[in-house]
Amino acid sequence: MQKFQKTGRRTVLLAMAGVLAMALGAAAPAGAQEVLKIGAAVSLTGPFSREGQLLRDGYDLWKDKVNEAGGLKVGDKTYRVEVVYYDDESKAQTSARLTERLITEDKVSFLFGPYSSGIATATASISERYKILTLAPMATANSLYARGYRYIFTPSPLADSGLNPLLALASGFDPMPKKVAIVGPDDLFPNITSDGGRKYAEGHGFTVVYQGKYPKAASDLSAVATQIRAAQPDVVLATGYAQDTLLLLKSMRELRVAPKMIGLAMSIGVEDFVKALGQGAEGMMGVDYWVPTLKYPDPLFGNSSGFAKAFEAKYKKPPTYHAASGAAAGVMLQLAIQKAGSIDSTAVRDALVGMQGETFYGPVKFDQNGVNTLASASASQLLSGAPKVVYPQAVREAQPVYPLPGAR
Amino acid sequence: MTPISPRGLLLALAGALCLAALAAVPWLAGNYWMRILTSILMYCVVAQGLNVIVGFAGYHAFGNAAFFGIGAYALGVSEVLGLGFLASIPVAAAVSALVAALVGWPLLRLRGHYFAIATVALTMAVGELVTNIGGVTGGAQGLALPLDTSQSPEQVYRQIYFLMFGLAVLSTLAVWHLSNSRLGYALRALKDSERGAMAMGVDTRRAKVAAWAISAALTGAAGAIWAHWMTFIEVGSAFDITLSVKGYIMMLIGGMGTIFGPLLGAAFFELFSTLIWSRFTEVHNLVLGILVCVVVLALPFGIWQPLRRLWHGRQGSRA
Amino acid sequence: MILQTIINGLLIGGIYGLATIGFSMVWGVMGIINLAHGAYIMLGAYVAYVVSARFGIEPFLVVPLAMAALFVLGYVIQAWMLNRVLKTSLLLSLALTFGINLILVDLTVMEFTSDFRAVTTQYASTALEWGEAFVPVARLGACLFALALAWIFHEFLARTRSGQAILAAALDREVSRLMGINPSRVYAMTAGLGAALAGAAGVLSSMIFPVSPHMGNNFLGAVFVITVLGGIGSLGGAILAGFVYGLIQAFASAWLGVNYQEVVAFTVFLLILIFRPQGLLGKKYFGEGQ
């Protein structure tokens, strides 16, 4: 009898211990889901709205993908990612104000940069002051990364090399075009691209017969078209944004300016831009920082086509490099956070410097100034209404058409 | 010596309390309110600057924003060239005053509408000029001021707050001094009747130019502090006509030609504007537009006069 | 290139002139500087965009509709708001019209977003050849249409009773009141007509320029200069000055670079104000001492 009583007590105690253990285990939260807030002041309205919205779509797709996969794991915590967006109306000062608001009121831990280097210059001062890491994939002006700021990074190639793929392609044509005209709005990115293009052109056997700028908000570019026509260039390169480039091309058409090659420093794949151009868009060339046919592996999307599929499924339209850059920036931030093992801005920033890796956007290695030393770009041409990569040789999808039909 | 009335004493006490409260804001209120107050104080200065040329001299300088922009850029360029923040502020004020004196000489010959429009054209012209000079001004790309990361953001904002506060006090003192000075009387005389003043021997031209120079100096100093606050300036926002219009409305609400009127107007209007911006970010222009219309239609003479009448009760207002 | 520059300047000048007539008349008749005038032009352009994009109608045919709509808008704004401010201080009108402008622009942004729109036509990119220069058909058509409208307005002012009342009020407000002319009605009428002409200019511009809620600001700068250049209140002056302004801008762009066209415009403006405030065809007493 006594033996049974001892056993019974032990069993009950063990059972109680077991139940207690289970209760404690169940009460402990299964991987506390805290929220990681990232701020983004982008141009959702105004002259940069097309590009700004695409960029936002990219950021958002990354956020969805990360949360779908269970969240961002940092050390032993998992964070649900939330991106807070504000519309900066394509204005630098507004963007700066909103950036400050994101930091001080919304208390974001990181920032996704705006579209346009000019705007980013304003916001960079704010993020630098508060020491908040900013990934600015669509702000590529060299001046931004030459000031010794520690908290701004870009995975895209810098502005001064913006026209190089087009010029490199042109130098391969036979007979090689000699006279180049470079034209664009008076703004940070276009100016740097224009001067960089001039230097490259002159160093590779071209003559720059016209280099002009027009006011950012100009509504009438017939004077510019007139001057281009007078210079009679073989190649016309435009360094502007979608909106003013559209106007420029229309003015050129009105005044019968028909060079042998027209190249833009921006993507030729922005859907409604192509539609707005209508007939006469055929044969136009553009520069891309990313195309869907790239083969780099990616930890989140698999590869470029995986990203493109996911984007098309969500947004019902094909992605351009603006969106790709946004999503890729997210992936890079994710990698850096995981490498640093923390969400402290400075720690993550230090992890980003020297980090080497690949995302679907391409290879990445950041230097002290936030520049991706392995960034590159390709050139595409609109053939039969669809953009096809024509340079460099390694990723060429189609033979470039030169000269343009109807060239004078 | 006139005895100080109990009302006057009460007023003085209220004023002193206000000043003390404002001085203690960085410790009493949070960063958010400090920033709003900095903005309000900036507009106080702008409104007082307008008060000098519009309220006293009667010359409607609708484009006074030109001097705000000049002050901003003068400080920006000065800092880029190596001169420190504090030393650059008087430089900016001086440059603005100089421009006003130079441009005022021919422009102040115009009357009424013509002068108003000329000042608007001036704002746009100077903006374009700055854009086209390029180089150290940054041109169309904007100007990024050198960033001092040794101070924490809180320290920087506190410094800016006190500078604006000091400037607002200074500008009010200037207006008060002006109203009792010879120049002030000359301005009021020529506002009433320019020919009459000339007949009385007032050098109206010099008086007007002096008034505009003072106005420009104050406005330019405000612009300078603003530029340092923003750390990045560009022509579109530094030479923004909206600033002029807001300052004008504030001066109107508060009462032109009075000493404290513009302060009241600035406080009320800017507070309202900020609340609108934070609540209605999407449609803030719309709400601002409606506000402007309502103010102009309902209170064309400002609220200071009716308030004063209320204060002084049956005794009527003491001019 | 000189011929092309001249053509560029003249064609755009015609439209600028039409856009300015309303502004100039309003200023001349009642001394109101209407900062919302740019918004009227912009709204005209949007009318063209909506009707033309939705129903595929030729933009030229949309002009009467736009004019009617803007006439009502201008009339109402004047009658309900600006007439009240006239009795207090004329310079308050500047602030009031600024507010109205903000409202109109923001409403447009809310409805259409800030995206740029275009009104496309079949002949949009065609051009006639003249010597070594090209004359874009759309611009030529718009310019001629603008001149026709200006002529019609001129006849209206000279031959109809309402027109004469407007001219009388412009010449001398006090005396016209003695002549039995109701100033409030005349003012509202003038404002309505001014807005209508702006609307027409807007429709014509939509065929050439991109349409956006802020396009009015670009116009306003030009309109100011042209008004003062031509003489405040003078219809002929507005048209003439429109051409002169177009030419100045075109040549400034060609010789100094497109970036300088604004600087040149404002410098010219300031010089006119200083040396010949009455402009080319205006009379000295308009707008002064009020």
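A salt bridge here means a side-chain nitrogen of Lys or Arg within 4 Å of a carboxyl oxygen of Asp or Glu. With that in hand, here are my notes.

1. First, the ground rules. This is a predicted model, in which local features need pLDDT of at least 70 and side-chain atom pairs count only at pLDDT 80 or more, while totals for chains, interfaces and linings use all residues. Side-chain values use heavy atoms, with hydrogens and water left out; residues are numbered from 1 along each chain as its sequence is written, and chains are lettered from A and ligands numbered from 1 in the order in which they are written.

2. Let's start with chains C and B. Chain C puts 39 residues into the contact and chain B puts in 37, where contact means heavy atoms within 4.5 Å. The size of an interface is often given as the accessible area lost when the parts come together. Between chain C and chain B that area is about 3500 Å², with 80% given by carbon and sulfur atoms; buried area is the accessible area (1.4 Å probe) that two parts lose on being put together, summed over both.

3. How many salt bridges does the rule find across the interface of chain C and chain B? It finds 0. Polar contacts across the interface of chain C and chain B come to 1 residue pair, both at pLDDT 80 or more. (A polar contact is a pair of N or O atoms within 3.5 Å; within protein, one must be able to donate a hydrogen and the other to accept it, and residues adjacent in sequence count only if both atoms are side-chain atoms.)

4. On the side of chain C that touches chain B, helices H3 (59-86), H4 (92-112) and H11 (261-275) of chain C each supply at least two residues. The largest share, 12 residues, comes from H4(C). Helices (H or I, at least four residues) and strands (E, at least two) are DSSP runs, numbered from the N terminus. By type, this side of chain C divides into 28 nonpolar, 6 polar and 5 charged residues.

5. Now for chains B and A. Here 24 residues of chain B are in contact with 24 residues of chain A. The two chains bury about 2100 Å² between them, 51% of it on carbon and sulfur atoms. In chain B, Gln141(B), Phe232(B) and Trp277(B) lose the most area to chain A, together 28% of what that side buries. The salt bridge count between chain B and chain A is 0, but 6 residue pairs are in polar contact, both residues at pLDDT 80 or more. H9(B) gives the largest share of the side of chain B that touches chain A, 4 residues. That side divides into 13 nonpolar, 9 polar and 2 charged residues.

6. Finally, some backbone details in chain A. Most residues other than glycine have a negative phi, and most peptide bonds are trans. The peptide bond from Tyr391(A) to Pro392(A) is cis, with omega near 0 degrees, and the one from Tyr402(A) to Pro403(A) is cis too, with omega near -5 degrees. Gln232(A), not a glycine, has a positive phi of about 50 degrees; Gln232(A) is found in the loop between helix H7 (222-231) and strand E9 (235-238) of chain A.

How values were computed
Ala, Val, Leu, Ile, Met, Phe, Trp, Tyr, Cys and Pro count as nonpolar, Asp, Glu, Lys and Arg as charged, and the others, Gly among them, as polar.
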